[in-house]
Amino acid sequence: MGGRWIEQWEPEDETFWREKGERIARRNLLYSVLSEHIGFSIWSLWSVMVLFMGPQYGIDPAGKFFLIGTATFVGALIRIPYTFAVARFGGRNWTVFSALLLLLPTGFAFAVMEPGTSYTTFVLVAALTGVGGGNFASSMTNINAFFPLRKKGWALGLNAGGGNIGVPVVQLVGLLVIGTAGAVHPRIVLGVYLPLVVVAAVCAALFMDNLAPVKNDTGAAKEAVRARHTWIMAFLYIGTFGSFIGYSFAFGLVLQTQFGRTPLQAASLTFIGPLLGSLIRPVGGSLADRHGGARITLGTFAAMALATGVVIYASVIESLTVFLVGFIGLFVLSGLGNGSTYKMIPAIFLAQGHRKGLAGEAAEAYGRRLSGAAMGLIGAVGALGGLGINLAFRQSFQTSGTGTAAFVAFLAFYAACMVVTWAVYLRAPVAVPSTVPEDAGDVTEPESRSGYAKV
């Protein structure tokens, strides 16, 4: 329980926010982004390591997809305990610990990354890198508590986007190493990140704060698990973040396997999509702040379905240029949708508070309580979408030698996400209870099933 603790935190109070809260929140956001950024880089490490694994490693494409799928799976599951760790230990304290924990997967990878290492060892080390995926959940839960509702879309989008950029950055480091030292020196990449992990931990210790009012609420966790909106948003988050992380991990390997690119050629293209998808995530949050998260999310899924159609067409005609246009479009759109879906979560649970007859601070407290509890579960389930993508690619390449069948499955899933978004959150309301403020937003839910909430 050591470290810097803030005993009173009232971000919805405009005077408190203007005079004190905003400055503190922005400082914590900055160093949260740094730590989460390094966490994402370590989590996606094996999307780069597989590019170094030539024939001398004796691992086929299916085996490589399984390695990156293992990292995705562990990173998804570990998000749940990481979510509750913030309230238990404090956001600053947990950020320091979780950053230092990244030394383990990075150090072990440095030790074993050479031909002759058993495949089982590689799988275990890849699983260990999953701890980097947990940093996202704790970071988002922490930052969610610092900012008022009107700023959450921007703040959560910036926090997540800055973290997501860790994916293309580690891929750029891999490209630099392959282009200069060659594809036989993967340890250089790992050597770059070992000191960066320490820097992230030290900065968190010096400049971040713990919020004493943030407490684990077992009742909130149970209520969030029972809430159908938690699972609906988890389903939609599979389509946005699951797509982003799945494609980020698999992109370079798809280019090598389907289009015969060399490690250098693949590395020179791999980082582009994740970089653009990361940069646009705050834009998705800001657009959702202004126009409503559900509207932006629906439009995003429609565009993702269209981009997937382009990728399928490119796979059939074997055009790398068209394939890159469609695939990079998927990255950009998934990043946009990441921002808009995360903005929806606190807004939905605020609306649920209004539906229960709460108003003012009581409704806001209920929304913070439930959204904080739900975010970890939604993030974990969404990240499992990345595992699904890598397993779909693995099966598709095993059976047909291309990823076309996998993309057809993704197209069907995006269509399902469109239907769910419209049916649950955008269908025209029958009635709006007086307890819901007129300026609350646009998330709706049919009265015939559970009443109407407008967020």
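**Note on side-chain contacts in a predicted model**

1. Arg4, Arg27 and Asp209 are joined in a network of salt bridges. A salt bridge is counted where a side-chain nitrogen of Lys or Arg lies within 4 Å of a carboxyl oxygen of Asp or Glu. By this rule the count comes to 5 salt bridges.

2. On the basis of the note: this is a predicted model, in which local features need pLDDT of at least 70 and side-chain atom pairs count only at pLDDT 80 or more, while totals for chains, interfaces and linings use all residues. Residues are numbered from 1 along each chain as its sequence is written, and side-chain values use heavy atoms, with hydrogens and water left out.

3. Helices are DSSP runs (H or I, at least four residues), numbered from the N terminus. The closest N and O atoms of Arg26 and Glu22 are 3.1 Å apart. Arg26 is partly exposed, with a relative accessible area of 41%, and Glu22 is also partly exposed, at 25%. In these terms, buried means under 20% relative accessible area, exposed means over 50%, and partly exposed lies in between (1.4 Å probe, protein chains only).

4. Arg187 takes part in two contacts described here. Its side chain meets that of Glu114 in a salt bridge (3.1 Å, N to O). This pair links distant parts of the chain, 73 residues apart: Arg187 is in helix 11, whereas Glu114 is in the loop between helix 6 and helix 7 (119-128). Arg187 is partly exposed, with a relative accessible area of 27%, and Glu114 is partly exposed at 37%. Arg187 also lies over the face of Phe110, at 5.8 Å from the ring centre. A charge is said to sit over a ring if NZ of Lys or CZ of Arg is within 6 Å of the ring centre and within 35 degrees of the ring normal. Arg88 is placed over the face of Phe89 in the corresponding way, at 5.0 Å from the ring centre.

5. A further salt bridge joins Asp289 and Lys343, with the closest N and O atoms 3.1 Å apart. Asp289 belongs to helix 15 (residues 272-291) and Lys343 to helix 17, so the pair ties together parts that are 54 residues apart in sequence. Are the two partners buried or exposed, in whole or in part? Asp289 is partly exposed, with a relative accessible area of 28%, whereas Lys343 is buried, at 11%.

6. The aromatic rings deserve a separate point. A pair of aromatic rings is described by the distance of the centres and the angle of the planes. Rings of Phe, Tyr and Trp (its six-membered ring) pair if their centres lie within 6.5 Å; planes under 30 degrees apart count as stacked, over 60 as edge-to-face and the rest as tilted. By this rule the count comes to 37 aromatic pairs. In one of them, the rings of Phe327 and Phe407 have their centres 5.7 Å apart and their planes at 90°, so the pair is edge-to-face. Phe327 lies in helix 17 (residues 320-355) and Phe407 in helix 19 (residues 404-426), so that distant parts of the chain, 80 residues apart, are linked. Phe327 counts as buried at 0% relative accessibility, and Phe407 is likewise buried at 0%. Phe413 and Tyr414 form another edge-to-face pair, 6.5 Å centre to centre with 65° between the planes. Here Phe413 is partly exposed, with a relative accessible area of 24%, while Tyr414 is buried, at 1%.

7. Leu100, Leu103, Val198, Val202, Leu206 and Phe207 form a nonpolar patch on the surface, with about 460 Å² of accessible area together. Patches are made of residues with over 30% relative accessible area and no salt bridge; like charges are joined within 9 Å, and nonpolar side chains (Val, Leu, Ile, Met, Phe, Trp, Tyr) within 5 Å. Accessible areas come from the Shrake-Rupley method with a 1.4 Å probe. Helix 11 (residues 187-207) gives the most to the patch, with 4 residues. Leu103 is in helix 6 (residues 103-112) and is partly exposed, at 31% relative accessibility.

8. Cys203 also lies in helix 11, and this residue is buried, with a relative accessible area of 17%. Cys203 and Ser35 are 168 residues apart in sequence and 8.6 Å apart in space, C-alpha to C-alpha.

Technical notes. Helix = DSSP H or I, 4+ residues; strand = E, 2+ residues; numbered from the N terminus.
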